[in-house]
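This briefing is arranged by topic for a reader who has the sequence and coordinates at hand.

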Amino acid sequence: MPSLVGSHTRRQQMQPTQNNQHPSRRHRWHLAEALPWVIAVGAYFVFPDYLAFGTQILITIIFAISLDLILGYAGIVTLGHAAYFGTGAYAAGMLSAHLGWNEPISGLVLAGTAAAVMGWISGLVLLRYRGLALIMLTLATAILLYELANTFEDITGGFDGLLGIHISPLLGKFDNDLWGHNYYWYTLTVLVIVFLAARRVVFSPFGRSLIGIRDNVQRMHAIGTPVYRRLVTIYTISAGLAGIAGGLFAQSNAFVTLDVLGFARSGTILVILILGGTGRLYGAFVGAVVYMVVEDELTKLSPEFWEFGVGLVLVLVVLFARRGLLGFITDMNELMHKARS
Amino acid sequence: MSEFLNVVISIVFDGLAYAMILFIISVGLSVTMGLMGFVNLAHGVFAMAGGYATVAIMSQLGIGFLPALLCAGVAIGVASLVLEQTLYAPLYKAGELDQLLLSIGLVFMASGAFTYFFGPDPISVQIPDYLHGQIDLGVRSFPTYRVFMIAVGIAMALGLWISLERTLIGARIRAAVDNRPMAEAVGINVNRLFKLTFALGSGIAAIGGGLAIDILGLTPNFAIQYLVLFLIVVAVGGLGTIRGTFVAALALGIIDNAGKYLWPEGGAFFIYAVAIAILLWRPSGLFGRTD
Amino acid sequence: MSSTALQTSGLDKNFGALRIARNINFELQRGARHALIGPNGAGKTTLLNLITGVLRPSAGRIQLLGTDITGMGQSKRTRLGLVRTFQINQLFKGLSVLDNVCLAIAERTGVASSLLVPLGHHHQVIDEAMHLLHMLRLDGDAMQLVNQLPYGRQRLLEIVIALGQNPQVLLLDEPAAGVPSAESQLILEVIDSLSDDIAILIIEHDMEIVFRFAKRITVMMTGAILTEGTPNEIAADDRVRAIYLGDY
Ligand SMILES: Nc1ncnc2c1ncn2[C@@H]1O[C@H](COP(=O)(O)OP(=O)(O)O)[C@@H](O)[C@H]1O
Ligand SMILES: [Mg+2]
């Protein structure tokens, strides 16, 4: 069964566009990179009634970026990334509900830290495995956490959810108002910080070595890379960022239920990232916006219509646009350029 | 009979019935993943389709439960070939991520489509009178349907085991699972062999889905709800081994029942804890090849 | 310091009943120019895999520059200066030629664990990579993706990556096989120009190359070492002539 235990990057075409750029220029900012931020700020003024929804999109982008670091760059296939989102969400929620720790920024840092610790500990075990075993283990680990949270309902609130989260105003001034204005800015600021950090990591020699691991792990061993250690490091970072997304989720909703840890969340974030495009950071933006907006519109029509539609899109993406929407757009662009010249 | 013994018997008995459902539905998946290395998250769809087909056939054709089950098995087995040909085959050489995503997509599509046609609510099936009620097996009386379920599961396991061990086709399948290039080199048409086993596995899963309605219930969410469980059974047993799938189904089925009985708040905690422990210890499953 | 760079003693490798390496006692001197020959399937690549840690021996020990490395991980051996190329290209196919080399150099120089400074700011890594690419006349292809490179040039890149690792002991697995002659000449020139401190072991089928390059030759057969000696001794050995040189 070589295709199961061997390299899982064969024919996966997860090549970021920057691979054919000179290393000394690659990390420089391009003008087009301003676009998502212009849109994010513009959306505040254009859709003032949808900012709570906008906040959830921004949170999803952070979560998707965290997954991109391990899946898109390091090639770790996981079906259990909700484990870390959920850890962050419960950490932020329980800090407030049980300890009365209501200050949001420090709460968020602690949420990220808790998830990173969880990622580190589980990563030390999980990343010794590859292929199908790794997929199954990530899946089972997340579900185990879900069942644990369900079991210890006296501290997690179990199936009914964690009540009693009272987050203080941001910086002592800005409350979580009904329309979500302040939390939109708060989340956007966190996204900027997370994105800048992820971008740094991706273009660093460390980040390049992750791509090497994804592309040919055998050669990475041969050039002296401590592969396992690298993977644990990026897994820990990724888990921490997922925890920050989860923490923001808990704070903005002032409520946490078991489904922060659920299989559906792990599956959805994977679909979102694949839809947008892996290994390019911005795929997270495209995937999250398209998925959540379309979901919002279609479920209003009928939920089964949405379910069928998202399944169909996923099948089509795998068969015909494996590099995601963003990859599809860049490919089309190149085609047009070629056709013109 | 002592209370303690009674409890143990109940746990084992209900666990057995549950295990047989897991086995019947998962065994085809084990073959798919073992023979073609295809990570198929959509296998539960065949069981779900089998369940709905059974109910539909009974009401449309006015035939009984058991004949309807067989019809559903055949129909789904044949229909699954279309799916295999059009969607799975192009991805045999792809990475497991692609296969995983494609099959998740199929699960979503199926769930949406079945909701559209059958509605979101659980549906039930009319099982024949002789399978109702209790049956006295000497020591104690047991629910007849579950006894039937266990009997069917054991018969199916024996049947599959014998055909795999004793027939020419079985020998070919074993050869192909064991060493595909070698099997092809000696002239076995692995692709055709696989289509056959794929259809058989889907058909059996469909029968399992029909049988399971009375125990697990049936909603359009079935394939999503039990996706993880079927995968875990196969992974724990080891890909491509009927014996492994059977043992894993037994172990997980009984442990799950025991866990839920002894520690109700623990929910499904045990089954996943045990699965993780086994996979950490033997990443290719209990009976999987370890090289 | 002893004059031995690499030594294996009693190395065995079994796959079930299959014995693909049998009691291999092999020694590579410091600064050696050593060739390993033998028919296809003799176990030459297997020996390299055992030495570099890709395969774990079933029995026996391996010493590198005086250190026992038998149980050591692959990447640790590499960091001690044990470097190899692969008979079947092992390149980063989705990356540019330059990135392929940068990965190796960044790893050797310890830059690769740096998390927050872009690779582009580590000029010494890029400069060294370009210098090595220039040596094998690949600098013109630096920005090509590897999977768009012709096979012969991919073989050159195999060597460049190895050189980027700054080897003390360099193991070359059929570096020139299947390579157009212009490029195989280039490969040989570069190998010839390497420092005398580096111990080089080359697996090669082309006897002309072997006799031109090697000061010592080891012959393998069916998983075991048949004989070892100077080129003249090997050329005169009847067994070697009969089973091996006769083929050529
Ligand atoms: N992983 C493996 N499993 C089983 N047999 C192997 C494995 N690797 C190599 N062999 C066998 O070992 C023998 C030696 O192979 P190899 O070292 O590649 O020979 P050479 O490089 O001298 O041509 C061959 O018969 C090959 O089939
Ligand atoms: Mg060889």
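**Magnesium site in chain C**

The magnesium ion (ligand 2) has C:Thr45 (OG1) and C:Gln87 (OE1) as its protein donors, at 2.0 to 2.1 Å. These two residues join distant parts of the chain, being 42 residues apart. The model is predicted.

- C:Thr45 belongs to helix α1 (residues 44–52) of chain C, whereas C:Gln87 lies in the loop between β6 (82–84) and α3 (97–109) of chain C.
- C:Thr45 has a relative accessibility of 25% and therefore counts as partly exposed, the range for that class lying between 20% and 50%.
- C:Gln87, with a relative accessible area of 30%, is likewise partly exposed.

**Helix packing in chain A**

- Helix α10 (residues 205–215) of chain A packs against helix α12 (residues 227–253) of chain A at an angle of about 115°, and the axes are 11 Å apart.
- The crossing of α10(A) and α12(A) is left-handed.
- On the α10(A) side, the contact is made by A:Phe206, A:Ser209, A:Leu210 and A:Ile213; on the α12(A) side, by A:Val227, A:Arg230, A:Leu231, A:Thr233 and A:Ile234.
- The contact residues of α10(A) and α12(A) comprise 6 nonpolar, 2 polar and 1 charged.

**Confidence in chain B**

- The average pLDDT of chain B is 87, and 99% of its residues score at least 70.

Key: Residues are numbered from 1 along each chain as its sequence is written. Chains are lettered from A and ligands numbered from 1 in the order in which they are written. This is a predicted model: local features need pLDDT of at least 70, side-chain atom pairs count only at pLDDT 80 or more; totals for chains, interfaces and linings use all residues. Side-chain values use heavy atoms; hydrogens and water are left out. pLDDT is the predictor's confidence in each residue, from 0 to 100. Donors are N, O and S atoms within 2.8 Å of the metal (3.2 Å for Na, K and Ca); water is not among the atoms, so sites may look incomplete. Helices (H or I, at least four residues) and strands (E, at least two) are DSSP runs, numbered from the N terminus. Buried means under 20% relative accessible area, exposed over 50%, partly exposed in between (1.4 Å probe, protein chains only). Axes are lines fitted to C-alpha atoms, for helices over the stretch in contact, and angles run from 0 to 180 degrees between N-to-C directions. A crossing is left-handed if the near helix is turned anticlockwise from the far one by less than a right angle, and right-handed if clockwise. Contact means heavy atoms within 4.5 Å. Ala, Val, Leu, Ile, Met, Phe, Trp, Tyr, Cys and Pro count as nonpolar, Asp, Glu, Lys and Arg as charged, and the others, Gly among them, as polar.
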